Amino acid sequence: GGRPYGYIGFAFDLTPHLHFGAQENVLAVRLTPEDRGSRWYAGAGIYRNVWLDITGPVHVGLWGTYVTTPDVTDEKSTVAVKTEVRNSGQAAAKMTLRTSVLDGAGKQVATASNPLAVPAMGDQTVSGSLNVPRPQRWDIDHPYLYTLVSEVLDGSRVVDRYTTPFGIRSVVFDRQKGFLLNGRHVKIQGVCDHADLGALGSAVNRRATERQLQILKGAGVNAIRTSHN
């Protein structure tokens, strides 16, 4: 496989190339960006994390969840979820998708289940919603996160588990009032931060990135442009 644009995450399905039994598997990564080299992408190599994900044949797809909070009040919040479940097996699968919301302490605050009928070598998208009582809203000075847990069940056995962090908040752009976050007007003080870390280079150092954001926030920044990263 290949990826001509270096700034975007990507993945490959290695299943067809696996050797089973005693034969050894060798994973070799070769970077050849020279023919794509330009002012915009000089070929920095692998500068972010790489994972080897192992799943069963029926699993939540890569980046397979889409979470929004369309209705938020002090009493409850609606969490709307779309989940793509993929089946890489040769037979159709009937299973259950269990979706749960955990609060910041890991306590379950909402759950729902939906039947799955995923065709062989196909996928199924399940849409639904959950109600979270008395939600803690994500805000600039209160970055509270919930976790959406998507589990694929074969009977009572969990065959795949996929987690998605998200915040509950309301966002409105109004031509009279401007930008409203959780019902109050907020002036957006934004900057564009380049992808590299200066003298530290292109490889992403989590603490250095965190420190950058702390310095920017101390200067009054509350929004950041990440499209160039």
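We begin with the whole chain and then go stop by stop.

**Before you click.** This is a predicted model, so local features need pLDDT of at least 70 and side-chain atom pairs count only at pLDDT 80 or more, while totals for chains, interfaces and linings use all residues. Residues are numbered from 1 along each chain as its sequence is written, and side-chain values use heavy atoms, with hydrogens and water left out.

**Whole protein.** Switch to cartoon: there are one helix and 12 strands, where helices (H or I, at least four residues) and strands (E, at least two) are DSSP runs numbered from the N terminus. The order along the sequence is β-β-β-β-β-β-β-β-β-β-β-α-β. The C-alpha trace spans about 60 × 50 × 30 Å along its principal axes. Of the 229 residues, 26% count as buried; buried means under 20% relative accessible area, exposed over 50% and partly exposed in between (1.4 Å probe, protein chains only). Take the contacts (heavy atoms within 4.5 Å) between residues at least 6 apart in sequence: 60% of them join residues at least 24 apart.

Trp-63 sits in strand β1 (residues 58–72). Its phi is positive, about 50°, although Trp-63 is not a glycine. Trp-63 counts as exposed because its relative accessible area is 58%. Now jump to Met-121, in the loop between β4 (108–118) and β5 (122–133). Met-121 is not a glycine either, yet has a positive phi of about 55°. With a relative accessible area of 53%, Met-121 is exposed.

**Select Ser-77.** You are in strand β2 (residues 76–87). Why does Ser-77 count as buried? Because its relative accessibility is 0%. Beyond four places in sequence, its contacts include Thr-69, Leu-130, Pro-135 and Ile-168. Show the side chain of Ser-77 and look for the backbone oxygen of Asp-71, 3.5 Å away.

**Select Thr-164.** This one is in strand β7 (residues 157–166). Thr-164 counts as buried because its relative accessibility is 14%. Which side chain does the side chain of Thr-164 make a polar contact with? That of Thr-65, at 2.7 Å. A polar contact is a pair of N or O atoms within 3.5 Å; within protein, one must be able to donate a hydrogen and the other to accept it, and residues adjacent in sequence count only if both atoms are side-chain atoms. Not counting residues up to four places away in sequence, Thr-164 also touches Val-67, Tyr-146, Thr-147 and Leu-148.

**Select 206–218.** That is helix α1, with 13 residues. From first C-alpha to last, α1 reaches 18 Å, close to the 18 Å expected (1.5 Å times one less than the number of residues). At its start, a side-chain oxygen of Asn-205 comes within 3.0 Å of the backbone nitrogen of Arg-207. Just after α1, Gly-220 has a positive phi of about 100°.

Show Trp-138, Ile-140, Asn-222, Ala-223 and Ile-224, which are the closest to the centre of the second largest pocket among its 18 lining residues. α1 gives the most to this lining, with three residues, and the elements giving two or more are β9 (178–181), α1 and β12 (223–225). Colour the lining by class and you get 13 nonpolar, two polar and three charged residues; Ala, Val, Leu, Ile, Met, Phe, Trp, Tyr, Cys and Pro count as nonpolar, Asp, Glu, Lys and Arg as charged, and the others, Gly among them, as polar. On a 1 Å grid over the protein atoms alone, a pocket is an open set of points where a 1.4 Å probe fits, with protein on both sides within 12 Å along at least five of seven lines, and lining residues have an atom within 4 Å of a point.
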